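Please examine the structure shown here with the following explanation at hand.

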Amino acid sequence: MQRIAERWSWPCAWSAGFLCVLSLCWNPAALHPQCLDFKPPFRPLRELQFCRIYKEFGCCDYARDQELMARYYQITARYDPSEYANCAAYLLDLLCQECSPYAAHLFDAEDPSTPVRTIPGLCPDYCSQIWTKCPFLIPTLTDDPRLINVKDDQTSLCRYLDLDDADYCFPHLLSNQKLTKNLGLVQTDGEGCLNLCLEEVANGLHNPLAMVHANDGTHRFFVAEQVGLVWTFLSDRSKLDKPFLNITKAVLTSSWEGDERGFLGITFHPKYKYNRKLYVYYSVEVGFDERIRISEFKVSTSDMNMVDHTSERVILEVDEPASNHNGGQLLFGDDGYLYVFTGDGGMAGDPFGKYGNAQNKSTLLGKVLRIDVDHNERGPLYRIPPDNPFLHDSRARPEVYAYGVRNMWRCSVDRGDPWTKEGKGRIFCGDVGQNKFEEIDIIEKGQNYGWRAKEGFSCYDKKLCTNSSLDDVLPIYAYPHKMGKSVTGGYVYRGCQYPNLNGMYIFGDFMSGRLMSLKEDRGSGHWTYNEICMGTSLTCAFPGLINNYHQYIISFAEDESGELYFMSTGIPSTTSPSGVIYKVVDPSRRAPPRHCHYDPLPVRVKSNLIKFVPQQSSIDVEPLSKNKPDPHPTQSHNWLQQLIDLFDKMELNFTTPMPTTTTTKPARSSRRKGRRRKGKHRTGGALEIMNGTVRLVGDQHGHSDRGRVEIYVNGEWGTVCDDLWTIKSAQVVCRQLGFPNAQKASRNSEFGEGKDLRILLDDVQCEGIESTLLDCTHAGVGTHNCAHYEDAGVICSISDVVVEA
């Protein structure tokens with residue numbers, strides 16, 4: 001679930017005090033540092049000699065520092081020492097504010113509606129000192145005619161150099177603890193949620209579930225779609241119009257939302273540059289049997305962007321007893337061996353055999369397999385590594401490396417700390433849970449990861465759980481289903497561009513859309529959890545950055561240089577082109593300029609290129625420009641009055657009093673407490689409430705454009721579960737209430753839990769044009785498999801801005 005940082009205020013300004021027009025108020029102390037190149041500040045690789053006040057953190061590297069020092073001496077050379085002796089410190093200050101971490105704010109560069117200043121914004125008292133002691137100084141630094149015209153008038157000059165935002169004027173900002181307290185650190189909200197931003201990298205994809213690179217110096221990345229297509233993207237993000245691999249005719253999948261079968265994994269051989277080999281993992285149908293297949297391919301000798309489809313060799317096939325829990329991860333470890341991650345065979349509770357597939361080492365399901373695919377041109381297609389843990393166990397398959405896993409979805413190899421290499425080679429996995437918990441594991445040789453005896457840290461099969469021979473490895477982290485129901489494993493960040501993120505394991509949840517992180521204390525081995533939130537539009541106001549994403553987080557990825565990405569979609573179906581790839585960005589700090597530079601090797605292209613065109617933008621409105629006039633009233637006020645009259649009539653005609661709904665604090669501490677708006681109920685009239693009537697309750701401020709959705713069916717009011725709850729369902733509710741648009745489909749009981757009511761609808765799927773939710777597809781009135789912490793809600797709007805839940 002994406003969250004907008006709550007430090008921004010949203011003033012309510014609807015007529016009659018009934019609804020709220022959302023208008024963003026600028027809170028200057030909440031802004032992030034920003035340089036004149038519109039990027040975050042950095043720690044210089046080489047200590048600055050001139051602007052030493054910013055030697056630890058700022059917007060200048062050593063080269064720019066030297067240029068500013070040269071300019072300083074050029075200016076002072078024009079005057080006798082007696083003239084500038086008392087002005088040298090002022091001159092240094094004025095020149096060095098280009099190096100300030102808040103340079104963009106000092107020079108008004110963050111506001112596109114105003115010209116960039118040539119002199120930084122000065123506090124009035126400091127400006128007066130300069131004018132009194134060094135009146136000749138300002139003209140030497142600027143050719144701005146407006147400044148030149150007022151240079152002899154202290155009041156006019158200092159008014160011109162003043163900033164509207166007093167927090168940012170120099171030198172007072174240096175002592176402003178609101179700005180300097182956590183300077184350069186990942187920004188957090190009041191509850192410790194990390195504020196990051198995103199960059200859109202690719203779009204229009206159909207369930208993109210893997211993004212890999214060939215580690216060949218070209219910095220291409222290859223994106224696999226569930227249907228069986230793999231596309232090539234060049235380092236400039238343009239896409240080749242011919243697929244790299246197309247095995248759609250062989251892949252078993254469907255257009256059903258949530259179908260777990262299909263093309264599931266891809267990886268390149270570590271020596272790809274020399275042997276041109278890659279490996280894929282996909283579902284197939286052989287006769288009446290469903291199987292998972294691991295195949296080896298080679299890239300064409302005539303086109304480096306095309307697989308030779310005749311080169312396929314099936315390395316391994318495993319029968320699948322059910323259509324779910326297909327695993328799907330392939331990767332090469334630091335040891336050069338191929339790791340294969342299989343699911344437990346599907347259905348619920350691993351019901352196969354006495355102990356289930358995952359605990360049965362004689363089956364390949366519910367396992368981590370490790371095989372050697374080197375030198376397989378002659379002889380067997382793979383060999384067993386000599387140190388595999390169960391090589392000499394007659395009751396086990398020799399391919400088994402670890403066991404007791406349910407359905408690991410997305411694993412990764414830690415590159416290790418860039419300097420110390422600490423952590424290098426560890427394999428992290430997200431293992432999807434059954435009823436209660438999702439978990440993150442570190443895979444080790446020969447270990448049992450507990451399923452089906454345990455789910456997370458909790459017992460699932462109590463008899464197996466008490467077995468003293470279980471000896472299972474506990475996860476490094478597990479979270480309950482009130483936070484998410486399908487973990488998507490991620491990566492430990494080891495890239496160059498965002499030093500703050502180094503060592504942070506970033507992962508997500510497919511169902512809830514949460515982005516999450518873990519950070520290890522190397523001394524204790526304990527992992528600390530922090531949720532990741534999207535920053536506001538001002539926090540992410542760097543060119544090309546956005547602060548929202550599609551909900552269904554399918555997979556994570558690294559590019560060749562180690563930067564972190566994830567893939568998500570708005571509709572989890574192979575027929576929906578709503579898949580997008582996002583790059584994770586820390587807006588509070590970057591690496592020094594040119595430090596992360598690389599030159600991709602040339603790519604010989606034989607097909608047409610499709611230029612990348614971003615389609616997403618940040619949500620929320622931009623900060624209001626200085627001196628910008630208030631907007632004129634629009635016709636919406638007339639519409640509002642009609643809506644008020646409509647609600648008055650509805651309230652007058654209710655024959656059944658509204659039930660008293662007690663709401664509790666939502667499971668997530670960041671949620672607003674949901675409380676019913678107090679008011680007198682009017683009586684009279686005899687209009688019967690129609691089936692499908694909806695109402696919104698639970699907003700603590702009493703706004704009638706948002707709240708928990710409650711629906712009236714067959715004489716009772718009840719709630720709606722947020723499983724499959726999307727913006728299209730929210731549109732049905734909002735339009736039913738008279739609002740032209742839905743801004744957000746809220747989930748996870750954002751507006752409190754309707755505990756005194758029955759859950760009446762679950763698995764609601766709408767096209768957005770239905771009259772009521774009852775006209776949409778759903779599980780049936782009163783049929784559900786959820787709880788009130790999943791009560792759905794909406795935020796309605798007269799604008800067409802959409803916030804993905």
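Which residues do ring pairs link into a cluster? The members are Phe 428, Tyr 477, Tyr 479, Tyr 505, Phe 507, Trp 527 and Tyr 529. Rings of Phe, Tyr and Trp (its six-membered ring) count as a pair if their centres lie within 6.5 Å; planes under 30 degrees apart are called stacked, over 60 edge-to-face and the rest tilted.

The model is a predicted one, in which local features need pLDDT of at least 70 and side-chain atom pairs count only at pLDDT 80 or more, while totals for chains, interfaces and linings use all residues. Residues are numbered from 1 along each chain as its sequence is written, and side-chain values use heavy atoms, with hydrogens and water left out.

The protein contains 13 helices and 35 strands. These are DSSP runs numbered from the N terminus, helices being H or I with at least four residues and strands E with at least two. Of the 805 residues, 58% are buried; buried means under 20% relative accessible area, exposed over 50%, and partly exposed in between, with a 1.4 Å probe and protein chains only. Among contacts with a separation of 6 or more, 64% join residues 24 or more positions apart, a contact being heavy atoms within 4.5 Å.

Two packed helices are described by the angle between their axes and the distance between the axes. Axes here are lines fitted to C-alpha atoms, for helices over the stretch in contact, and angles run from 0 to 180 degrees between N-to-C directions. For α1 and helix α3 (residues 88-96), the axes come within 10 Å and cross at roughly 140 degrees. The two helices are therefore oblique to each other; angles under 35 degrees count as roughly parallel, over 145 as roughly antiparallel, 65 to 115 as roughly perpendicular and the rest as oblique. Their crossing is right-handed, which is the case when the near helix is turned clockwise from the far one by less than a right angle, anticlockwise being left-handed. From α1, the contact draws on Leu 68, Arg 71, Tyr 72, Ile 75 and Thr 76, and from α3 on Ala 88, Leu 91, Leu 92 and Leu 95. Seven of these residues are nonpolar, one is polar and one is charged. In this grouping, Ala, Val, Leu, Ile, Met, Phe, Trp, Tyr, Cys and Pro are nonpolar, Asp, Glu, Lys and Arg are charged, and the others, Gly among them, are polar. The cover over the buried residues of α3 includes α1, α2, α5 and α6.

The second example brings together helix α5 (residues 124-133) and helix α8 (residues 154-161), with axes that come within 9 Å and cross at roughly 135 degrees. That angle makes α5 oblique to α8, and the crossing is right-handed. Pro 124, Cys 127, Ser 128, Trp 131 and Thr 132 of α5 meet Gln 154, Leu 157, Cys 158 and Leu 161 of α8. This contact comprises six nonpolar residues, three polar and no charged.

Aromatic pairs number 28 in the structure. One of them joins Tyr 72 and Tyr 73 edge-to-face, at 5.2 Å centre to centre and with 80 degrees between the planes. Tyr 72 is buried, at 12% relative accessibility, whereas Tyr 73 is exposed, at 51%. In another pair, Tyr 79 and Phe 136 have ring centres 4.9 Å apart and planes at 45 degrees, so this pair is tilted. Tyr 79 lies in the loop between α1 (62-76) and α2 (81-84) and Phe 136 in the loop between α5 and α6 (137-141), so the pair ties together parts that are 57 residues apart in sequence.

Gln 731 of α13 is buried at 18% relative accessibility.

Finally, the backbone deserves attention. Most residues other than glycine have a negative phi, and most peptide bonds are trans. The bond from Phe 170 to Pro 171 is cis, with omega near 10 degrees, and Pro 171 is in the loop between α8 and α9 (177-180). Asn 215 has a positive phi, near 55 degrees, and sits in the loop between β2 (208-212) and β3 (221-225).
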